[in-house]
Amino acid sequence: MGVFSGLGDKLKHVFSKLTARGKLDEYEIKQAMREIRIALLEADVNFTVVKDFISKISERAKGEEIVKSVTPGQQVVKIVHDELVELMGSKNAKLAVSSKPPTIIMMCGLQGAGKTTMCGKLGALLKKQGKKPLLVACDIYRPAAINQLQVVGKNVGLEVFEKGTQKPAKTAEQAVKHATNNGFDTVIIDTAGRLHINDDLMRELEEVKKVVSPTEILLTVDAMTGQDAVTVATTFNQRLDVTGVILTKLDGDTRGGAALSIKAVTGKPIKFCGVGEKSGDIEVFHPDRMASRILGMGDIVSLVEKAQEAMDEEAIKKMEKRVKDANFTLDDFLVQFESLKKMGGISEVMQMLPGMGGRFKFNEKDIDEKRIEKFKAIICSMTKKEREHPEIVKSSRRRRICAGSGTTIQDVNQLLKQFEQTRDMMKKMKNNKGRLPF
Amino acid sequence: MGIFAKIKNALKKTKDAIAYRLNKLFTGGVLNDDFYDELEMILLSADIGSETTESILDELKTQIDKKHVKKSAEVRILLKEIMHDILDFELPKEEYPLVILIAGVNGVGKTTTIGKLANNYKKAGKSVTIVAGDTFRAAASDQLTVWADRAGVRIVKQGEGSDAAAVVYDALQSAKSKNTQVTLIDTAGRLHNKVNLMEELKKIDRIIDREFPEAMRLNYIVLDATTGQNALSQVDLFNEAIDIDGIILTKLDGTAKGGVVLGIAGEQEVPVVYVGVGEGIDDLEKFDIDDFVSGIVDAE
Ligand SMILES: Nc1nc2c(ncn2[C@@H]2O[C@H](COP(=O)(O)OP(=O)(O)OP(=O)(O)O)[C@@H](O)[C@H]2O)c(=O)[nH]1
Ligand SMILES: [Mg+2]
C-alpha cells in the first residue's frame with residue numbers, strides 16, 4: 001500500500017473520465033458510491049451503517065455543484081469526509097465532572113480491550129491536570145489482573161484500592177468511601193473484561209453501577225474490532241447506558257471503522273484514544289482525523305488547509321517547478337522541514353499524512369523534532385554536490401558525514417531513505433499536475 | 001427519526017431477521033439479485049471482508065452455472081464447500097521435542113491460550129515447560145504463573161523488565177537439560193507495525209533456531225475473532241517477521257464469527273489450527289472447518 005493509496009486513488013480513477021460539467025451525474029455518483037462502500041467496509045464500518053451512510057451521501061452528492069478549483073473526486077471525498085465528521089461528532093467531548101466529588105469513572109468492555117492500561121493512562125492524565133485520582137481493582141477473574149493494576153498504579157504514582165476477589169460492587173462501594181474520606185476527587189474503577197452476552201457478568205456491572213452511580217461509564221473498545229462492534233456496543237449501552245467510548249490501540253494500522261459503527265448505534269461520544277503502551281499514550285478524540293483515517297486518506301483535508309497557510313504561493317510555485325524538473329534535492333527537503341515546522345510540528349503533520357500510521361513504516365522516533373534537528377545537521381554536513389545528488393552518498397561519504405554532524409550511520413541512512421520516499425511522493429504529485437493526489 | 005435512531009432500528013431488525021432470512025434464503029426463492037445481496041450481507045457481517053466476499057460469490061455463481069443449480073437449498077451446500085476448500089490445509093505432524101512460539105497483538109489471548117495448550121499437552125502425557133517471554137506488560141509473568149499452576153507444568157521466568165530474548169535463551173537451556181517434550185513460549189503483545197518490537201520477536205525466533213535446532217518449531221499467531229480486516233495486516237507482518245505456521249482464533253464464544261480468516265487463508269495460506277471458546281482451561285478446540293463454516297452460513 002503506497003502513501004496515497006486508499007479511497008482517494010480509487011475515486012480519482014472513477015472520475016478520471018469526468019471533466020467538470022456542472023453537476024455530478026448519476027452514473028458517476030453510483031460508481032463513486034461503490035468505491036466508498038468498499039472503502040468503508042474494508043475499514044470495518046458495519047455494513048448496516050455503511051448502507052445508511054451511502055444513501056445519505058448519494059442524496060447530497062446529486063445536488064452538488066462542482067467547485068471549479070477542485071476535481072470531482074476531491075469534491076466527493078470532501079462530501080463524504082464532512083458527513084463522516086458530522087456523524088462522529090463535530091468536536092471532541094470532555095469528561096464530565098461530578099458536582100459532588102468524587103467523580104466516579106467506571107470502565108467496561110470486552111476481554112483484552114485495554115481497560116487496565118487505560119485506567120492508568122486516564123489516571124495519569126487527570127493527575128497531570130491537578131486531580132487526585134484513586135484506581136480501583138474490580139477485575140476479580142483474570143489471573144493477576146489486580147497485580148497488573150497495582151503495577152500500573154505504581155508506575156504513574158497513583159494509589160490502588162483493592163479488596164481481593166470479593167464482589168466488585170462491594171469493593172467499588174468501599175473504594176468510594178475511602179476516596180471521600182481521604183481527599184481523592186476522582187475514582188477510576190477497572191472491571192473485568194466480559195462478553196456482552198454473558199448475562200451474569202453483565203448483571204455484575206449493573207450492580208456496580210447501581211451502588212456507586214458513576215459520573216462516567218466508559219466503554220473501552222479495541223480499534224481493530226470488526227462488524228461485531230455494533231452488537232457489543234449496543235448491548236453494553238442497553239444494559240449500562242454508557243456515557244462515552246474509548247478507542248484503544250489506534251497506534252496500529254487499523255482504519256478503525258468501528259469508531260463510526262459505535263457512534264452510529266449508541267450515539268455516545270468517543271472521548272479518548274489509546275495510542276501506545278506507555279502511560280502518556282492517550283489522546284483526546286478528533287472526529288475529523290478519524291474520518292480521514294477511516295477513508296484511508298490520512299488527514300488530507302486539514303493537511304491541505306494547513307499547507308496553504310504555511311507555504312506562500314511563491315514557495316509552492318518554486319517547489320512545483322523543481323519537482324517538475326525532477327530536481328528535488330536535499331536542499332528542498334530542508335526547506336520542507338522548515339515549512340512543516342510552521343505547520344505545527346513534524347509529528348502533527350506526519351500523523352495527518354495518509355498511510356503514515358500504516359504500512360509506511362515510520363517509528364514514533366522517526367518523526368520527533370530531535371530527529372529533524374539531526375537531519376538538518378546531516379544535510380548541513382554535506383557538500384553541495386551531495387545535497388544535489390544524494391545518490392552519490394555511499395559508505396565512505398556516509399562515514400564522513402556522520403562524523404561531521406555528530407550523528408550515526410543509521411541516522412544518515414534514515415534521512416536518505418526518507419528523502420527518497422518524499423521524492424517519490426512528490427513525483428506522484430507531479431503526475432497529478434501539482435495537486436495532491438486524491 | 002434521527003440518523004442514530006434509524007440505524008439502531010435497522011440493526012435490531014437485521015439481527016432479529018437474520019435467522020429468518022437465512023432460512024428463507026435457502027429454502028425457497030429464486031436466484032436473483034436480491035438473493036445474492038442477502039448472501040453478500042451474511043458474509044460481510046461475519047467479517048469476511050468485501051474483497052473475499054466478492055470472490056466467494058463469484059466462485060459460487062460460476063459453480064451454480066456449471067452445475068445447473070436451480071434450488072437455493074443446493075446453493076447452501078455449494079457455498080459451504082467453497083468456504084471449506086479455502087480453509088482446508090494439511091497440518092504438519094507434531095514431533096518432540098517441540099517448541100511453540102506464541103505471538104500476536106495486545107490482548108488477543110496469548111497467555112490464556114498458553115495455559116490451555118499446556119493443559120492439553122500435559123493431559124496427553126507430555127512434559128511441558130512454559131516460558132514467560134512477556135517481560136514488558138505489568139504482571140504478565142504472574143498471570144502466566146497462575147496458568148502454569150492450573151495446568152500443573154513448570155514455568156521459567158525472570159523479573160519484569162528483563163530482556164525477553166535472554167529469558168528465552170535461559171529457558172531453552174533448562175528445557176533441554178530437563179528433556180522437556182513441549183516448550184511453550186509466551187511473548188508480549190505487540191502491534192505488527194512497530195518495527196522495533198517486531199525486531200525483538202525476530203531475535204527470539206532466531207535464538208530458538210540457534211539454541212534448539214533439534215526441536216520441531218511451530219510459530220502461532222493468536223487472533224481475536226472480534227477483529228475485523230486488520231487481522232490480514234497482522235498475519236501479513238507477523239508472517240514476514242517470523243514465518244507463521246498457524247492461527248489460533250480466540251473468543252469465538254462471543255458473537256463475532258471470525259470470518260476474516262477466510263481472507264487470510266485465501267491470500268496468505270496460513271491455516272487456522274485451534275479456536276478459543278472461553279476463559280476456562282479446557283476452552284481450546286482443534287479447528288473444525290465444518291463447524292466454523294456452519295457458524296457463518298447456517299441459521300441458529
Ligand atoms: N471469552 C473469551 N475470552 C478469552 C479467550 N481467550 C482469552 N480470553 C480473555 O481475554 C483477555 C486477554 O487474554 P490474555 O491471555 O491476557 O491476552 P494476551 O494476548 O496474553 O494479552 P497481552 O499479553 O496483554 O497482550 C483475558 O481476560 C482472557 O481471559 C476466549 O477464547 N474467549
Ligand atoms: Mg499475555
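A polar side-chain atom of Gln143(B) sits 2.8 Å from an oxygen atom of ligand 1. The protein covers 95% of the 650 Å² of accessible area that ligand 1 has on its own. Please keep in mind that this is a predicted model.

**Who surrounds ligand 1**

- Ligand 1 has 23 residues around it, and the closest are Lys110(B), Thr111(B), Thr112(B), Arg137(B) and Glu279(B).
- The residues around ligand 1 come from chains A and B, so the site is shared between chains.
- Sorted by class, this shell holds 12 polar, 8 charged and 3 nonpolar residues.
- Helix 5 of chain B, which spans residues 110–123, gives the most to the shell, with 4 residues.

- Lys110(B), one of the closest residues, has a side-chain N or O atom 2.7 Å from an oxygen atom of ligand 1.
- Thr112(B) is also among the closest residues, and an N or O atom in its side chain is 2.5 Å from an oxygen atom of ligand 1.

**Strand 6 of chain B and its cover**

- Strand 6 of chain B runs over residues 246–250 and is mostly covered, with 5 of its 5 residues buried.
- Gly246(B), Ile248(B) and Thr250(B) point one way from this strand, while Ile247(B) and Leu249(B) point the other way, and all are buried.

**The partner strand 5**

- Strand 5 of chain B (residues 216–224) runs parallel to strand 6 of chain B, and 5 bridges join the two.
- Within this pairing, Asp224(B) stands opposite Thr250(B) of strand 6 of chain B.
- To get from strand 5 to strand 6 of chain B, the chain passes through helix 9 (residues 230–242) of chain B, in a right-handed β-α-β crossover.

**The partner strand 7**

- Strand 7 of chain B (residues 272–276) is joined to strand 6 of chain B by 3 bridges, and these strands run parallel.
- Here Leu249(B) faces Val275(B), which stands opposite in strand 7 of chain B.

Key:
Residues numbered from 1 in each chain as written. Chains lettered and ligands numbered in written order. Predicted model: local features only at pLDDT ≥ 70, side-chain atom pairs only at ≥ 80, totals over all residues. Heavy atoms only, no water. Near = heavy atom within 4 Å. Polar contact = N/O pair within 3.5 Å; in protein donor to acceptor, adjacent residues only side chain to side chain. Areas by Shrake-Rupley, 256 points an atom, 1.4 Å probe, with all protein chains shown as cover. Nonpolar A, V, L, I, M, F, W, Y, C, P; charged D, E, K, R; others polar. Buried < 20%, exposed > 50% of the residue type's maximum accessible area, 1.4 Å probe, protein only. Pairing = 2+ DSSP bridges. Right-handed = clockwise from strand over helix to strand, strands pointing away.
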